[in-house]
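This report asks the reader to consider how individual side chains are placed within a protein chain. Please keep the sequence and the structure in view while reading.

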Amino acid sequence: MPSFPVATTGTPVSDNPPVFAVNQDGTVNASQNPARLGTVVALFVSSAGMLTPHPKDGQPGGFGPLLSMPVTAVLEYPFSDGTCCGRSPMQVRYAGSAPTLAAGMVQVNLLLPSLTSNGEAGILLNFSQPDPATGAVFSTSTTGAIWISN
């Protein structure tokens, strides 16, 4: 049965709920702690797909098990004049088991592009997954929001 990814969310700030994200400096991403552009931000997602090797049920995850299919990410950000919106692909640095969290929770580390933008930004994550019945590959996605600054 296919899974459909769900970003772990915090308090909504717009049409896109904020994803639970940790900035490269270890702070929780929020309006008062935005992620600096050009740094890495870690997002946490459930139902993102199969991990290889399979983690043991009931055990905390750890670094090692990776998503078995590719992940892509796009940042949608306000232009410096406040108008909407530019789109920029992000480099996925890690997509796999979230250390210390329950098996099946996935951590996705993204390198934010170097732009000139501040405020709330949307994130689109696309997960490729095989259909267990046919083997055909399909894509599922989830959206969320983080805070950014330059």
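The sections below describe a loop residue and a charged pair in a predicted model.

Asn-29 belongs to the loop that joins strand 2 (21–23) and strand 3 (35–36). Its relative accessibility is 10%. Because buried means under 20% relative accessible area, Asn-29 counts as buried.

The residues in contact with Asn-29, apart from neighbours within four places in sequence, are Ala-21, Val-22, Asn-23, Pro-34, Ala-35, Ile-146 and Trp-147. Two members of this list also take part in polar pairings with Asn-29. The side chain of Asn-23 forms a polar contact with the side chain of Asn-29, at 3.0 Å. In the case of Trp-147, the backbone nitrogen is 2.9 Å from a polar atom of the Asn-29 side chain.

## The salt bridge

Side chains of opposite charge can pair when their charged atoms come close. How many salt bridges does a search of the whole structure find? The search finds one. It is formed by the side chains of Arg-87 and Glu-76, with an N to O distance of 3.3 Å. Arg-87 lies in strand 8 (residues 86–97) and Glu-76 in strand 7 (residues 71–77), so the pair, 11 residues apart, links distant parts of the chain.

## Exposure of the charged pair

Arg-87 has a relative accessibility of 52% and therefore counts as exposed, since the cut-off for exposed is over 50%. Glu-76, with a relative accessible area of 31%, is partly exposed.

Terms used:
Residues numbered from 1 in each chain as written. Predicted model: local features only at pLDDT ≥ 70, side-chain atom pairs only at ≥ 80, totals over all residues. Heavy atoms only, no water. Helix = DSSP H or I, 4+ residues; strand = E, 2+ residues; numbered from the N terminus. Buried < 20%, exposed > 50% of the residue type's maximum accessible area, 1.4 Å probe, protein only. Polar contact = N/O pair within 3.5 Å; in protein donor to acceptor, adjacent residues only side chain to side chain. Contact = heavy atoms within 4.5 Å. Salt bridge = Lys/Arg side-chain N within 4 Å of Asp/Glu carboxyl O.
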